[in-house]
Amino acid sequence: MKGIKLKEKCPIDGKIAFLEGKDNTYFFCAYHYFAYHNLKDGYHLWNEKLEKKLSWEEYLDTILKLKDKSDNLVGEWVKDVISFLLKKQ
Amino acid sequence: MNVQESKIRTPFVLCIAEKPSAAKRIANALAEKGVEQITIGKESIYKIVRKNENLIITAASGHIFSVVQDGYGSEFPTYDFKWAPLYKKSRGSNEIKKDPYSQRILNIFKILKELIPKAEKIIIMTDYDQEGEVIGGIILKELGGEKIFRTAKRMKFSTLTKDELKLAYDKLLPTIDFNLFEAGVTRHYLDWLYGINLSRALMLTYKRETSKFKSLSTGRVQGPTLRFVYDREIKIKSHVPIPFWQIKIRIFIDNNPIELKIEKNFEAEKEAKRKAEEFLKGEIYIEKIEAKDVRISPPVPPNLSNLQGEIYRLYKIPPEQTLAIAEKLYLGALISYPRTDAQQYPKDLNHIEIINKLAQQKNYISLKKFVLPIKKNRPVSGKKTDPAHPAIYPTGEKPDKKLNSKEFKIYDYIVRRYFATLAEDSIETRKKIVFSINKQEMVSITITKPKKRGWKQVLNIKEAKNKFSESLEKLREGMNIEKFEVKTEQKYTTPPPRYNPSSLLKEMEKNEIGTKATRAEIINTLKKRGYLQGKESFEITELGLTVMEILKQNSPIITLPDLTRQVEQSLAKIERAEIDSNTVILQGIVYLHKVLLDLHNERKNIGQALDASVDPKNQNKQNYGTCPICKTGKLEIRIARNTGKRFLGCTNYFNTEIKCNASFPLPQKGKIEKTNKKCPADGYTMVKVITNKRIWYWCINPECPERKKWGKNSDFAKINNEGD
Ligand SMILES: [Zn+2]
Ligand SMILES: [Zn+2]
Ligand SMILES: [Zn+2]
C-alpha cells in the first residue's frame with residue numbers, strides 16, 4: 001500500500017491520502033483507498049454475475065444492507081467508504 | 001535468618017533447581033533420612049544427606065538475571081549489553097526495586113552468592129532445555145565465575161517423580177550443555193538487541209517529530225506475529241462480498257426431507273437457474289451404495305502446542321494459561337515437563353506402572369480395560385521430536401491437593417489422552433449413497449455408524465448423529481427418487497476468519513516463529529502493548545495497524561517470518577556446535593543496523609503516521625484546563641506549523657465564531673503532564689514537566705511574576721512538589 005503521498009487528507013478519517021491511479025476521484029488514505037478499489041472491482045463482478053444489472057448507487061446500497069445478514073460479511077473500511085459516497089450524492 | 005546463621009557447614013554439595021517447588025520435590029526424593037528445611041527471609045533451602053554427602057538444595061525463581069544495556073542513557077543505537085540481576089532499578093545503578101517480587105529475587109541472589117563459592121561441588125537441576133541451561137549457566141557465571149561455570153555438574157530429568165529424580169542423580173552429566181547454553185544466551189542477546197533498538201527507533205522518532213511521548217515497542221518475534229494479524233485484518237476490513245450460487249436439491253424419503261448439496265458453486269445467476277430447471281425436469285436415481293469399515297487410530301502423544309490447541313478447543317482456556325497450569329501440574333509431579341515439541345514417550349517408560357497407578361484414582365479405574373497390550377504399535381507415536389524432553393504424559397502420581405476446576409480439566413485431558421494413545425482403534429462403518437442427478441452430477445451422502453468406539457470412548461468423544469438414517473438405510477441401488485425439489489441459493493464470499501489464541505499460536509508454529517516456551521507470551525505482549533484487542537478473536541488496533549504499516553513500509557524484513565526462522569536455524573546450529581555465538585550475534589547486528597538506517601531515513605513520515613494513530617482526532621486529546629482568555633475553550637498541546645515548537649492552544653481556535661488565538665509557550669524538552677495545581681502567584685494552570693534529570697512545575701502564564709524566579713530555583717519547585 002505504498003503510493004504517491006498527497007497534501008490532501010482522507011475525508012473519512014483525516015489521515016494522509018494517497019494517489020494511486022489515474023482514475024481517482026477521491027483521495028482516501030491507504031486503507032480506505034484499498035476498500036474503495038475493492039468496491040469498484042466488486043461492482044464489475046456483481047454485474048457480470050447478476051441477471052438484473054445494478055446501478056452504482058443500487059450496488060452500494062445492496063452491499064451496505066448485506067451487513068445485516070452477518071456482521072462480518074462487509075469490511076469496516078468498505079462500509080466507511082460506502083457511507084461517505086452515498087452522503088456525497 | 002541469614003545464610004551465616006543457618007549453620008551450613010562445609011563440605012556440602014549445592015544443588016540449584018529452577019523454582020522453589022521443584023527444589024522441595026527434589027529434596028524429598030533424594031533424601032535418605034530426613035529433610036531439614038531452613039528458612040532464609042522468605043525462601044526455603046533444604047538440607048539432606050545422600051550417599052554420605054551433605055546436599056543443600058536451593059532454587060532460582062526462573063530467571064534472576066536479564067540482559068540490559070551496558071552503559072547509561074538512552075543511547076541509540078545501542079549494541080553493548082551485559083547481564084544484571086532483575087532486582088536492580090536500572091542499568092548501572094545499584095538502587096533496588098521495592099516491590100515484593102524484586103525483594104524476593106534479591107534474597108535468592110544473596111543466598112546463591114553466599115553458597116556458590118563455598119560449595120565443594122555444584123549441580124544444576126533446572127529444567128532441561130535452552131532456558132533452563134541459561135538460568136543455571138548465568139547464575140554460575142555471574143556468581144561463581146568461569147571455573148565454577150565450567151565444572152558444575154548437570155542433572156537431567158523430565159518428571160519430578162521420586163524414581164526418575166533418583167535415577168537422574170545417579171547419572172549426573174559432567175557439565176552443563178555448553179552449546180545449549182550458548183544458543184540460549186544468543187537468543188537473549190538477539191532479542192534484546194532487536195527489541196531495544198527497534199522500540200527506541202519508534203519512540204525517538206515519535207518524540208522528535210511530535211514532542212510527545214508514548215511507549216512503543218516491537219521486536220524480532222513480535223513483528224512477524226503482528227504481521228499475521230495485520231495481513232488478515234486488511235483482508236477482513238476491506239472485504240467486498242461477491243455473490244455466487246448453489247443448487248440445493250431436497251429429496252423426500254418417507255416424507256423426510258433430505259438435503260443433497262451439489263458441491264459445485266455457480267459463478268453466474270443465469271447459469272445456476274438454467275441448471276436448476278434442467279435438474280427439476282430430469283430424474284434422480286441411486287447410482288451405487290458402498291459400505292466399508294474404517295479404522296481410526298488414536299491421537300498421538302501430545303506436545304505443548306497439541307495440548308494448548310485441544311484445551312482451547314474444548315474449554316476456551318487461552319494457551320498461556322494452559323502452559324502456566326501445565327507447569328504447575330509438572331511441579332506437583334503429576335505430569336512430565338510440558339515445554340516440549342515431542343510427540344513420543346520415552347522408550348523405557350514403564351507404562352504398566354503408570355496405568356496401574358492411574359487406575360487407583362476413581363475417575364480412571366474404568367479406563368484400564370481399554371488399554372491394549374504394549375507392543376509395536378502401542379502406544380502410538382507422532383512425528384515430532386525434541387532433543388530434551390518426551391511428549392507430555394501423566395506420571396501416575398495422585399494430586400496431593402484438590403485441583404481447581406481448570407487444573408482438573410487439563411490434568412484429566414492429559415490422563416485421558418494418555419490412555420487413548422494406548423487404547424484400541426476406533427472403527428466405524430461408513431455407507432456412501434451416490435445419487436445421480438439427471439446423469440450429470442453425482443452427489444453422495446455418507447452415513448456413519450460406530451462399530452467399535454475404542455479410544456473415542458476414553459476421550460469421551462460424542463458420535464455425530466445422522467439425520468434420517470433409518471430412511472436412508474432403506475435405499476437400494478437403481479432406485480428412483482419420486483419426490484424432490486430443486487432451488488438455487490444466492491451466497492456471498494466471506495472474509496477469512498480472525499485469528500483466535502489457538503489459531504495464531506498454530507500459525508506461529510507453522511512458520512517456526514518463537515519457541516514452544518515463548519509463543520503464548522509474545523501474543524500476550526502484543527495485547528499489553530495495545531496492538532491487539534479481543535479475547536476469543538484478535539483484532540488489530542489503530543496503533544497496531546500504524547506500527548505495522550511503518551515497519552512494513554520501511555523495513556519489511558522484520559515483519560516477515562524469514563528473519564526469525566533464520567535466527568532459529570542459526571541457534572540450532574549453535575546447539576550442534578556448527579557455528580559460534582559471536583558470528584550469529586554479529587550477523588544480527590549488521591542486519592539490524594541496516595533496518596535502523598531505513599527507519600531513520602523515513603523518520604518524518606513515520607512520526608506523522610504514528611501521531612495520527614496514537615492521537616487520532618476523534619480521540620479525547622489531553623485537556624489542560626479551561627482557556628483563561630475566552631473562558632469557554634479548553635487548552636491542548638499543539639505544534640506550531642512554522643517553528644515546529646509546541647505550545648498550549650485553545651480549542652476555540654477552530655471555532656469560526658470565537659476563533660480564540662490564545663497561545664501559551666511550553667518548555668520544548670521533556671514530557672508534559674496535566675495537573676490540578678494552580679500557580680500560587682497568579683492562579684494560572686500549572687503543568688508538570690518531566691525530563692531525565694528532574695521534574696518541575698511550569699506556570700503557563702508567560703507574564704507570571706514568579707515564573708522567572710522559580711524557573712531555575714529548585715526550592716520553589718520543591719515547595720510545589722509537596723502535596724502532589
Ligand atoms: Zn481513511
Ligand atoms: Zn480561548
Ligand atoms: Zn504563575
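Two strands count as paired if DSSP finds at least two bridges between them. Helices (H or I, at least four residues) and strands (E, at least two) are DSSP runs, numbered from the N terminus. This is a predicted model: local features need pLDDT of at least 70, side-chain atom pairs count only at pLDDT 80 or more, and totals for chains, interfaces and linings use all residues. Residues are numbered from 1 along each chain as its sequence is written, chains are lettered from A and ligands numbered from 1 in the order in which they are written, and side-chain values use heavy atoms, without hydrogens and water.

**Hairpins in chain B**
- E3(B) and strand E4 (residues 53–59) pair in the antiparallel sense over 5 bridges.
- They form a hairpin with 2 residues between the strands, and Lys51(B) in the turn has a positive phi of about 50 degrees.
- Arg50(B) stands opposite Glu53(B) in E4(B).
- Strand E2 (residues 36–40) and strand E3 (residues 43–50) of chain B are also antiparallel, over 5 bridges.
- Gln37(B) has Tyr46(B) in E3(B) as its bridge partner.
- In the turn of the E2(B)–E3(B) hairpin, Gly41(B) has a positive phi of about 60 degrees.

- Cys679(B) lies in the loop between strands E21 (671–678) and E22 (685–690), and Cys699(B) in strand E23 (residues 695–699), so the pair ties together parts 20 residues apart in sequence.
- Both Cys679(B) and Cys699(B) are buried (buried is under 20% relative accessible area, exposed over 50%, partly exposed in between; 1.4 Å probe, protein chains only).

**Salt bridges**
- The structure holds 48 salt bridges over all chains (a side-chain nitrogen of Lys or Arg within 4 Å of a carboxyl oxygen of Asp or Glu).
- Asp425(B) and Arg295(B) form one, with the closest N and O atoms 3.1 Å apart.
- Asp425(B) is in the loop between helix H12 (405–422) and strand E12 (426–437), and Arg295(B) is in strand E11 (residues 284–296), so the pair ties together parts 130 residues apart in sequence.
- Asp425(B) is buried at 15% relative accessibility, whereas Arg295(B) is exposed at 55%.
- Glu233(B), Lys237(B), Arg498(B) and Glu539(B) are linked in a salt-bridge network.
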